[in-house]
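Welcome! Take a moment to look over the sequence and the 3D view, and then let us walk through some of the features together.

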Amino acid sequence: MLDRRLVKNFDWLLFLIILALVGISMANMYSATCFIKGAGGAKIFKRHVCWYAISLTIFFIMLTFDYHILKKWGYYIYLVSIFLLLLVLIWGKITAGSQRWFRLGIISFQPSELAKLSVAIVLSHFFSELPAKRDYALKELWQIFLLVIIPAALILKEPDLGTASIILIFSGTVILLAGIRKRSLLVLVCAGLIITPMVWMNLKDYQKKRVLTFINPDMDPLGAGYHITQSKIAIGSGMAFGKGFLNGSQTRLHFLPEQHTDFIFSVFAEEWGFLGSSLLIFLYLCLILRGLDIAKGSKDRFGRYMALSITMMIFWQVFVNMGMVMGILPVVGTPLLFMSYGGSSLIFTMASVGILMNIRMRRYMFDAV
Amino acid sequence: MIRLSEPDSLNIFQKRIWWLSLFVVFLFFVLLLRLWYLQIINGKQYRKRSENNRIRLKEIPAYRGKILDRNGLVLVDNKPSYNLYIIPEEVDDLGLLLNRLSKIIGLDPQSIQKKILRIRNHFSFKPVCIKRDISLDDVSRIESNILMLPGTIIRVEGKRNYIYKELAAHLIGYISRNIRGKSGIEYRWEKVLSGEPGGMQIEVDATGRMIDVISKSPSIPGADVYLTIDKRLQQKAEQLLKGKRGAIVAMDPYNGEILAMASSPSFDPNIFVDGMDQKTWQKISNSMDHPLQNRAINGLYPPASLFKVVVSSAGLQEGMITPRKKFICTGRFLYGNWIYNCWKRNGHGEVDLHKAIRESCDIYFYNLGKMLGVDKIAHYARMFGLGRKTGIDVGNESTGLVPTSRWKLKRFGVPWQGGETLSLAIGQSYLLVTPIQMAVMYSAVFNGGILYKPQVTKLIKRPNGDIIHRFKPQIKGRLHIKPEYLDIIKQALIAVVNEPHGTGIKAKIKGITVAGKTGTVQLMEKKKKEEKEERHNEIKDHAWFVGVAPAKHPSIVVAVIIEHGGHGGSASAPIARELIREFLKPHVR
């Protein structure tokens with residue numbers, strides 16, 4: 001099935017970047033969990049390794065088919081993800097529990113991760129079907145706005161502000177890049193400027209406070225503000241060269257909240273300092289620039305938009321998470337791709353980069369056409 | 001817009017991707033700058049902080065709003081209290097620490113054990129309160145030994161202070177140990193009184209001294225609640241009730257403002273502030289006197305002769321009687337095989353409505369009650385607001401009970417008996433009312449037939465001057481009775497206090513026309529009572545009096561109930577008189 005031309009086109013640079021991230025992630029997860037009292041830490045680390053094994057397999061599976069299948073099945077995948085989002089909301093209502101996961105035995109599945117990818121596919125499908133133009137008017141775009149807002153609203157209802165805003169931001173970036181008329185953009189901005197204060201006035205006092213606290217965690221020093229303070233201490237105390245592997249005191253003493261999930265970067269920055277952290281940031285930058293390059297190099301419009309959407313999805317998640325733990329962005333609670341613990345996130349991240357690789361490998365397939 | 005050719009479109013796309021790449025690089029550069037700022041510029045500081053990471057979380061409690069009387073006199077505020085806390089995270093040996101602490105300030109070992117268990121389940125950075133309101137001596141003893149007591153801190157916090165102790169205790173209510181309103185105004189306005197606590201992250205050194213404030217959000221103080229009661233009048237009312245069991249309600253009949261509300265026996269809300277031991281609580285809650293009960297709104301009593309106003313209105317409005325209609329009172333009334341007595345054994349002779357009310361003749365009302373029947377009477381009782389809550393904006397109000405023939409059948413499975421109608425007509429039988437209902441009912445007779453909702457909250461004001469609640473009269477219902485009929489009853493009620501033979505003559509004040517009605521709740525059948533003599537205080541009747549003054553355009557209505565006080569005219573009327581006199585003092589000289 002895989003012909004030789006495909007193998008020849010395998011993107012070793014992209015693969016190397018991914019491997020480097022996986023390696024760092026393993027070591028860092030070990031450090032973050034090995035001091036957790038009892039068997040809990042070891043269990044988390046083992047599961048992390050397992051998830052990586054599964055998601056690497058999925059990465060390779062994503063290479064075996066022509067990515068145009070995604071275009072064909074795009075809307076079905078989208079519908080399934082909407083259905084699952086609705087189900088998880090209803091299921092959460094029934095069990096009166098958290099409304100983000102499906103628990104199937106030990107495996108829990110987060111439909112919002114699938115929703116992210118399906119929005120990327122639908123975006124690419126939509127723009128590849130539109131007549132090629134420099135800019136589009138609102139009346140040509142309203143459908144895609146709707147397709148993006150529906151899953152975002154459902155996820156917001158879970159409530160998962162992090163994932164919802166990521167979907168909105170990366171879709172926005174893709175739409176901007178596809179081109180939108182200046183006048184249409186102006187209309188959108190004006191509408192936003194009018195609606196925002198109207199919504200704000202209609203919020204209850206406690207809702208306003210929640211929003212303000214979210215924007216500025218210092219307003220809640222005993223809650224979110226405490227997390228950020230500890231995270232900043234952890235990162236800052238790493239100084240130039242870090243405290244060394246397994247030597248992060250913030251980590252060991254469990255000052256850091258959620259140190260193996262959302263705040264995993266603080267663990268890394270404490271132990272590896274500015275040197276290690278900037279290297280990690282550089283790796284992410286390479287990954288994203290490579291992704292954009294793949295988008296540029298793809299010869300068909302669907303592949304182009306698909307690569308762009310996936311890359312923007314990765315970029316915004318990485319940026320928002322890092323900005324959050326460093327205390328320059330609101331605490332939205334989004335994992336750091338590749339690094340954070342979490343099966344669903346890992347699987348869909350690896351699937352996404354698998355699709356990137358897929359697009360790269362098939363970029364010459366249309367030469368003959 | 002023109003459609004683009006494929007190469008053109010790719011060209012544009014690639015150009016835009018290039019700009020996007022630049023944007024991405026820029027944002028990552030921002031991250032790098034932030035990292036530089038945290039790790040290189042401030043790295044040393046953070047490193048030091050991480051080495052002795054002693055960041056304490058400190059809640060900044062909000063100042064609880066004051067409670068004031070209608071003239072702005074402070075009734076409840078807060079005073080500073082020294083509270084002892086332990087931060088579990090900073091304690092090496094908890095047993096040892098508690099041992100030392102108990103030696104210094106004498107904690108009881110049993111409660112220590114309990115506290116240890118509580119601390120274990122606690123988020124370890126949050127201070128746990130060990131003892132509240134420790135003395136200044138103890139504070140200095142702990143401060144001088146602070147190095148031996150790692151993890152111990154003393155905080156100055158506000159403590160609820162009920163300045164006049166028992167004054168209006170039922171109305172004001174009390175708070176629980178965690179400063180939540182549990183009853184009365186403290187409960188009703190908990191949300192606005194409590195304000196919003198703030199918080200602080202502070203960095204401390206090894207001895208717990210503050211080095212730096214890392215982050216802080218101020219607390220928002222609670223709002224002040226102004227009551228409609230007048231402290232002077234309230235104090236007088238409580239004085240008058242001293243040593244008795246009973247209640248007084250004084251209200252403005254034209255808008256429902258409560259001017260005073262007293263219930264006796266009372267309690268001192270300060271005992272709840274620090275929490276109390278099981279024993280004290282048992283003693284209070286199981287006491288025969290029920291000191292926590294607000295009898296003014298929660299106590300249920302038969303209205304006795306106070307109810308005659310309702311039956312009179314019903315008779316007039318239904319056309320059963322005219323003011324001139326007379327019945328003969330011989331002191332006894334035969335009904336079937338039963339004899340019903342008038343309180344005056346040798347009878348009132350010829351009685352018209354005016355005389356019947358003035359001298360509270362039972363025989364007149366037996367006759368009238370028999371003509372009306374139970375359900376007509378019940379209809380008018382409900383019109384006067386009985387059998388449902390007055391809607392007062394505080395406390396745990398009782399509904400009371402207005403019996404009907406249907407109610408009797410449902411409740412007991414037995415039909416209503418004609419004789420019970422006679423008891424009902426003089427306010428006995430199953431009929432139950434609260435003192436506040438009586439105040440509202442008599443107000444309606446004098447204010448033109450309006451049932452106002454009683455209210456005790458005059459004003460709620462935020463510390464910044466914002467007013468979030470202002471008293472507004474609220475009408476709960478109206479009497480559908482012709483004004484001239486109400487006038488006839490009013491004249492009779494004036495006669496009760498001011499004419500010879502009036503039962504309420506003891507409420508008379510020189511220079512002011514007081515109107516009113518007495519009531520005496522018979523607790524047992526008269527015969528039995530005679531047998532038992534009056535050995536026990538318990539057997540004495542409950543004494544009612546409702547006074548209204550000045551009768552022409554009243555500014556106050558006073559309802560008084562004294563449990564086992566004896567006759568309304570002798571036990572309660574003088575109390576109402578004193579209170580009215582106190583209220584109208586400026587006008588009386």
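## A strand covered on both faces

In strand 19 of chain B, buried residues lie on both faces: B:Ala515, B:Lys517, B:Gly519 and B:Val521 on one side, and B:Gly516, B:Thr518 and B:Thr520 on the other. Please keep in mind that this is a predicted model. The strand spans residues 515–521 of chain B, and seven of its seven residues are buried. In a regular strand the side chains alternate between the two faces of the sheet.

Which strand does strand 19 of chain B pair with? Its partner is strand 20 (residues 542–549) of chain B, to which it is joined by seven bridges, and the two run antiparallel. Within that pairing, B:Ala515 has B:Val548 as its bridge partner.

## The cores

The largest nonpolar core counts 124 residues, and B:Ile248, B:Val249, B:Ala250, B:Ile377, B:Val558, B:Val560 and B:Leu579 have the most contacts inside it. Helix 19 (residues 435–446) of chain B is the top contributor to this core, giving nine residues. Domain 1 (52–77 + 163–227) and domain 3 (231–266 + 295–588) of chain B each provide at least three residues to the core.

Setting aside neighbours within four places in sequence, B:Ala250 is in contact with B:Leu233, B:Ala237, B:Leu259, B:Ala260, B:Ile556, B:Val558, B:Leu579 and B:Phe583. There is also a second, separate core of 102 residues, which includes A:Leu123, A:Ala164, A:Leu177 and A:Val325.

## Helix 16 of chain B

Helix 16 (residues 374–383) of chain B has B:Val374, B:Ile377, B:Ala378, B:Tyr380, B:Ala381 and B:Met383 buried.

| Helix of chain B | Residues |
|---|---|
| Helix 13 | 308–317 |
| Helix 15 | 362–372 |
| Helix 17 | 405–412 |
| Helix 18 | 418–425 |

After helix 16 of chain B comes B:Gly385, which has a positive phi, near 90°.

## Where the chains meet

How many residues of chain A are in contact with chain B? There are 44, and they are in contact with 41 residues of chain B. On the side of chain A that touches chain B, helix 10 (224–237), helix 11 (249–252), helix 12 (264–297) and helix 13 (301–325) of chain A each supply at least two residues. Helix 12 of chain A gives the most, with 11 residues. By class, this side of chain A has 25 nonpolar, 11 polar and eight charged residues.

Notes: Residues numbered from 1 in each chain as written. Chains lettered and ligands numbered in written order. Predicted model: local features only at pLDDT ≥ 70, side-chain atom pairs only at ≥ 80, totals over all residues. Core = buried A, V, L, I, M, F, W, Y, C linked by C-beta atoms within 7 Å. Buried ≥ 20, exposed ≤ 12 C-beta atoms within 10 Å, placed from the backbone. Helix = DSSP H or I, 4+ residues; strand = E, 2+ residues; numbered from the N terminus. Domains from an automatic or database assignment. Contact = placed C-beta atoms within 7 Å. Pairing = 2+ DSSP bridges. Nonpolar A, V, L, I, M, F, W, Y, C, P; charged D, E, K, R; others polar.
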